[in-house]
There are 2 protein chains.
Amino acid sequence: MRVFSLKIVGLYFTFSQLKVIISMYIYNYYWRMIMLVKNLLGSRFKETPKDCVIASHALMMKGGYMKYMSTGSYSLFTPTKRITNKVEKIIREEMDGIGGQEVMFPVVMPASIWEESGRYSSIGSEMARFTDRNNAKMVLGMTHEEAAVHLARDTAQSYTDYPFMIYQIQTKFRDEPRARGGLIRVREFTMKDAYSFHTSQEDLECYYDECFKAYERIFKRAGAKNVVAVKSDSGMMGGSVSHEFMLLTDIGEDTLAICSNEECDYKANVEVAECITHEIESTVQDLEEVATPNVKTIEGLKRVLGVDPIGMCKAVVYQKNADDSYVIVFIRGDLEVNETKLRNYLRAEVHPASGISEESGIVAGFIGPVGFNGKAQVVFDKSLKGIESFVCGANKKDAHFKGMNIARDVGEVEYVEVAKAYNGGICPICGKPTITLRRGVEIGNIFQLGTKYTTSMNMTYVDSDGTRKNPIMGCYGIGVGRLVATICEEQHDDYGPIWPISIAPWQVEICCLQSTDETIKSVSDKLYEELEKSGVEVLYDERDIRPGAMFADADLLGVPVRAVVSRKTCERGVVEVSFRDKSFKGEVNMETATEDIIKIVNDLKAKYEI
Amino acid sequence: MRVFSLKIVGLYFTFSQLKVIISMYIYNYYWRMIMLVKNLLGSRFKETPKDCVIASHALMMKGGYMKYMSTGSYSLFTPTKRITNKVEKIIREEMDGIGGQEVMFPVVMPASIWEESGRYSSIGSEMARFTDRNNAKMVLGMTHEEAAVHLARDTAQSYTDYPFMIYQIQTKFRDEPRARGGLIRVREFTMKDAYSFHTSQEDLECYYDECFKAYERIFKRAGAKNVVAVKSDSGMMGGSVSHEFMLLTDIGEDTLAICSNEECDYKANVEVAECITHEIESTVQDLEEVATPNVKTIEGLKRVLGVDPIGMCKAVVYQKNADDSYVIVFIRGDLEVNETKLRNYLRAEVHPASGISEESGIVAGFIGPVGFNGKAQVVFDKSLKGIESFVCGANKKDAHFKGMNIARDVGEVEYVEVAKAYNGGICPICGKPTITLRRGVEIGNIFQLGTKYTTSMNMTYVDSDGTRKNPIMGCYGIGVGRLVATICEEQHDDYGPIWPISIAPWQVEICCLQSTDETIKSVSDKLYEELEKSGVEVLYDERDIRPGAMFADADLLGVPVRAVVSRKTCERGVVEVSFRDKSFKGEVNMETATEDIIKIVNDLKAKYEI
């Protein structure tokens, strides 16, 4: 029936004046032809849109995958929806596989449950809020810990009801100030978020490991290649232990410290990575003031005094968000301050000083630890420890010290670790100078939350000893759209995405190069028909256009297996088969093309199965 | 492996002191046991919650299907999520089957595209609005015509790109003032919304019919029984022709006029149903004023004057929302005003008069068409036409007329149809007095939208003659949660829902009545294991509880096929099999139980296949 309809559709396009009459008869068949490229809504084009600075964003715009609607918000065309449906299926299978129960929380929640947890006030403008027709305060869910506790707390009353894990795949809205990069960082996104509940820390840790492994399987099955899990800062989620799953790519916003020693497995987000510095040879010298007119930078000092930054004691000035009071970090001249560590040490939010007032007594550009009496909290980074002699500011205009020795000239100070890990730094696990910084995009995260939410929201169970306790929680997230975009970022060429077959919108694209030729067309139609019947997902391009234009569109659609039927191939009784990633190009016999292609597809799929 | 794990789990519960140690080893297996009733999150209980006035709401609360979060908003537990996943799969298949391309629109949209269509101001407080961090006005999608046009307008530029249909299954929020009945009428809901685009009205109509048939298939496959499609009012959607798919149930908010003549197919929402009245024998009489002190109602007049309401000319007073000016509808005493028809005739929103001011000159309770000179627009309903003599108000206190003849006493008037269809009224198709009023819940709707949105939002294509035209749209909605709740309303007994197997959360529930007995347990385990392996969706209850309590829970979970393994059945070498709807109860041989149950499941499934 399908072949018949294709022929009719051919007719329909040849004699367009018969359009309405014929379409009435063949509607049924005509509308089923959705796998035709010509019917696919969305434009494919050559020019890179102006606002696209990363490849995946540009290619997904040029390939008709999505359309911009407002800051950080896109409508998704069918190819993207097919991809995300497949990613969601993989996630669902793996979550079910570790005992997850799929549930559904509302997107719009009453403020009251966020007030219970305390996050209604602790979260800022990222959370969208409105009042409903009854003047009730409502919020849009950016995460669902509160909803998970709300759902579970009345029902899991006995220790025998534990452990359990609930998850959903649902829309979230986060009023993100830094929306960028297409689907990499958006305001509205589809997320899988899971919440587990336990009666002991051991049980949580045990399940956390299970979830860790499930995440590894998800990313492998979805075809992401360079994924590493790193320890991370728990941020606004609360809790202590957490890991981020990072896809390594130069466009990543996160920086990771990874040990490049093959025998070592150390990986951490640079936000939490230990910074261990090499020992430096230095000798005690006399403290000497030198004139440094207008020299306020490390580079300037190096030029004027001929001292490497490693021999300097740099001052970095911050202000606390709460009261704008100053915090000065003294740190070795070649290192940078890790603001997350500083924040955690101070237990206060800080920002780089927006300016330094005169009444503070701080002499900008010439700050040093000797004789400093400005109004500021002073922090000494661990990198300064054990070094005998520094160049540093003299706390007066146009002057620096040489030969500064902290123990002798400042006295006993507390050293804390607030420096960023750096390329070539010492690995805290294997002790070798093999720390390498890499950039990555966070595609998933897992947290050991503890009892933060169950305590604040009063969720309890009766334990075996009859006492009431708060269950211990874990939570586990994956951003579906971001995962798709980063896989595109990782696996593309200049011409388009190269989708792994496990998440590709279609498995095979048939290109019929001379669809006006009845023989060629009927060979293509037959192949299309047979592959479809066998359950292969086929996209069929039988437009009467130049081969170059057809292949350009096919490259943008990124379908892993391409089958070309042309005059040349028909004359030789073959169908040309090639892979989108260029790893294979060959021919199969026209007679056995269907079975051969099915085998090729199955072999490719097997690579992503676990 | 699974049988092994079950045994281990058995052990785990027998020796609970070994909990942690064992769970470390068997975590993998333990967590896969999600199909056990004991692991299922959600409480099942006997008492009907106070706020539940309809059966489906009560049963879905008592059965652990959902939890109230805020007005018209629920979190859904796993059984409901499994049901909605199946409903969505059916919808997706049928939408794909008529050439639909699945897409995804944002839930949060910029006000700007709603300003383009004009609905930002025309829709009132049902639409939730907020401003984002950049002070941009945003709305929550309650429908997505604007988003569909936004997505398609830049890409479908040529007539050859048409027709096409795009759809999504996504969360919507409508700040509904009348949230009620559990999932029947909520504020946040999952909806399938589809939008088709055409170059001619014929093509739209042709596709509209296709969609109509797809809807019939969807509801049949989902197991809804009493679904009728009725003509409806298009309301805020715009457009002219539209149909609602109504599931007939006494708890419905909508009233339908259905012709009970079996040879006739007439069905309409009472909002648009024609009201055709019987001819009434009446003779001309003289106009006579009668004293009716304090008699202001139809019932009072009937008692005092001995005249049936059918012989009266009743006055119903409305006010226009815009300026509170009065509108008086004269209508036959036994009929009611259809406000939708009145609104459409006046082209203005109206509400029943909240009171009648003295300066209007309207004498409440004694209003009649003879000598009326109050300040009001007067409307005569068609039901008054051709009747020679009425009782009506005399426009002064405590007086009515008898023998009023409109032509003679009032003069020539315009008759318009603003009466509600009524039980026993004349069918506009077959002409018989067979109109029956039924109540229904709207579970889907389809609209022929015309060019309302493509014109206002400036979506055009180049036609074959080179001119630019606006495409013609259709739109098609189904509320997923409401469909599920109405099916529950239609198919339940006092003990719980009776889910059709095509959408049931599980297909088979195994009840193991003496799980402490090793033999009985191992028979159940084996059956569970084998059915699962064969792809049957099994829920397994092996809790050590009373049979009555187990069956009560099973009734609430509504799984269509139940297999009971007990001491009695084991002794006789059988498994007891029964249907949740009580249509079957029998036994299968223990040896062949798996195959027999698979066959039973397949036979049941076949009923819903098309």
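Chain A is superposed on chain B by a rotation of 180° with 0.1 Å of shift along its axis, at an RMSD of 0.1 Å, in this predicted model. The two copies are thus related as by a two-fold rotation axis. The superposition is by least squares on the C-alpha atoms of residues with pLDDT of at least 70 in both copies, where pLDDT is the predictor's confidence in each residue, from 0 to 100. A:Phe130 is the residue of chain A that comes closest to the rotation axis, with its C-alpha at 2.8 Å. The copies meet through the same surface, because 100% of the interface residues of chain A are also interface residues in chain B.

The predictor gives the complex an ipTM of 0.88 and a pTM of 0.88. Chain A has an average pLDDT of 91, and 93% of its residues score at least 70. Over residues 1-33 of chain A, pLDDT stays under 50; the model has 47 contacts (heavy atoms within 4.5 Å) for them beyond four places in sequence.

Strands pair if DSSP finds at least two bridges between them.

| Strand of chain B | Residues |
|---|---|
| β19 | 399-404 |

Antiparallel β13 and β19 of chain B are joined by 4 bridges, and B:Glu288 stands opposite B:Lys402 in β19(B).

Residues are numbered from 1 along each chain as its sequence is written, and chains are lettered from A and ligands numbered from 1 in the order in which they are written. Local features need pLDDT of at least 70, side-chain atom pairs count only at pLDDT 80 or more, and totals for chains, interfaces and linings use all residues, while side-chain values use heavy atoms, with hydrogens and water left out.

Technical notes:
Helix = DSSP H or I, 4+ residues; strand = E, 2+ residues; numbered from the N terminus.
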